[in-house]
Amino acid sequence: MSDTLCRCGSAKPFAQCCKPFLGKLATANTAEQLMRSRFTAFCLHKFKYLIDTLHPSKHQPNDLAELETSSHKTSWVKLTLQHTQQGLETDNQGSVEFSAIFNENSQFFELRETSSFIKENGQWFYLDGSPRITAIDFKLKRNQPCWCFSGKKFKHCHALL
Ligand SMILES: [Zn+2]
Ligand SMILES: [Zn+2]
């Protein structure tokens with residue numbers, strides 16, 4: 001498992017990418033790192049991490065319950081970063097434009113958002129963003145690994161459904 005590729009699409013092993021952030025062994029140095037690690041946290045249902053990295057001004061009493069409910073129907077498939085503005089180690093704010101593909105009830109959707117991030121006391125937080133969601137046609141080749149990360153080829157997994 002240790003050399004499993006990270007779900008954030010960095011092409012790095014999970015252990016050398018988002019895992020130290022999710023395990024609180026390291027804090028994200030850049031807005032992009034926080035963005036990636038939050039996507040991975042959505043994939044792996046690390047709800048506490050998502051709440052801890054959401055800016056305190058945005059917290060709602062039912063955050064955890066909502067994350068748990070939505071996680072049952074949503075499978076996150078793929079993250080692609082489009083554009084990053086500021087958000088570097090020397091900045092205190094930044095934004096990351098991204099596309100994230102997810103599956104809900106066997107239909108694929110693309111979520112596009114420009115997320116704002118803010119750094120306070122040396123820690124990056126997700127502040128806000130306005131997601132636009134569209135239904136898309138997402139195709140895999142039969143020999144590709146299945147989108148659901150079962151470890152099986154598509155033809156032996158969701159292609160059969
Ligand atoms: Zn990662
Ligand atoms: Zn599958």
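# Reading a predicted protein model

Guide: Welcome! Of the 161 residues of this protein, 25% count as buried. A residue is called buried if 20 or more other C-beta atoms lie within 10 Å of its own, exposed if 12 or fewer do, and partly exposed in between, with C-beta atoms placed from the backbone. This is a predicted model, in which local features need pLDDT of at least 70 and side-chain atom pairs count only at pLDDT 80 or more, while totals for chains, interfaces and linings use all residues. Residues are numbered from 1 along each chain as its sequence is written, and chains are lettered from A and ligands numbered from 1 in the order in which they are written.

Visitor: How many helices and strands are there in the protein?

Guide: Helices (H or I, at least four residues) and strands (E, at least two) are DSSP runs, numbered from the N terminus. Here you will find four helices and five strands, and their order from the N terminus is α-α-α-α-β-β-β-β-β. The radius of gyration is 16 Å, close to the 15 Å from the globule rule for 161 residues, so the protein is as compact as a globular protein of that length. That radius is taken over C-alpha atoms, and the rule is 2.2 Å times the number of residues to the power 0.38. Along the principal axes, the C-alpha atoms fill a box of roughly 50 × 30 × 30 Å.

Visitor: What share of the contacts join residues at least 24 apart?

Guide: Two residues are in contact if their C-beta atoms, placed from the backbone, lie within 7 Å. Among contacts between residues at least 6 apart in sequence, that share is 42%.

Visitor: Which residues have the most contacts inside the largest nonpolar core?

Guide: A nonpolar core is a set of buried Ala, Val, Leu, Ile, Met, Phe, Trp, Tyr and Cys residues joined through C-beta atoms within 7 Å. The largest one has 26 residues, and Cys18, Phe39 and Trp76 have the most contacts inside it. Two or more residues come from each of helix H1 (19-22), helix H2 (31-44), strand S1 (74-86), strand S2 (93-104) and strand S4 (123-128). H2 gives the largest share, seven residues. If you set aside residues up to four places away in sequence, Phe39 touches Cys8, Trp76, Leu79 and Ala100.

Visitor: Is H2 enclosed or exposed, and how far does it reach?

Guide: An α-helix has 3.6 residues a turn, so residues three or four places apart point the same way. In H2, 13 of the 14 residues are buried, so the helix is largely enclosed by the rest of the structure. The expected span of a helix is 1.5 Å times one less than its number of residues. From first C-alpha to last, H2 reaches 20 Å, close to the 20 Å expected.

Visitor: Where is Ile133, and which residues does it contact?

Guide: Ile133 sits in S5. It is partly exposed, because 13 other C-beta atoms lie within 10 Å. Apart from neighbours within four places in sequence, Ile133 contacts Phe109 and Leu111. The C-alpha atoms of Ile133 and Leu111 are separated by 4.5 Å, although the two are 22 residues apart along the chain.

Visitor: Which residues is Ser99 in contact with?

Guide: Ser99 lies in strand S2, and beyond its neighbours within four places in sequence it contacts Thr80, Gln82, Glu110 and Arg112. Ser99 is partly exposed, with 15 C-beta neighbours inside 10 Å.

Visitor: What should I look for in the phi angles?

Guide: Most residues other than glycine have a negative phi, and most peptide bonds are trans. Ala11 has a positive phi of about 70° although it is not a glycine. Ala11 belongs to the segment before H1, and it is exposed, with 8 other C-beta atoms within 10 Å. Gln86, likewise not a glycine, has a positive phi of about 50°; Gln86 is in strand S1. Just after H2, His45 takes a positive phi of about 60°.
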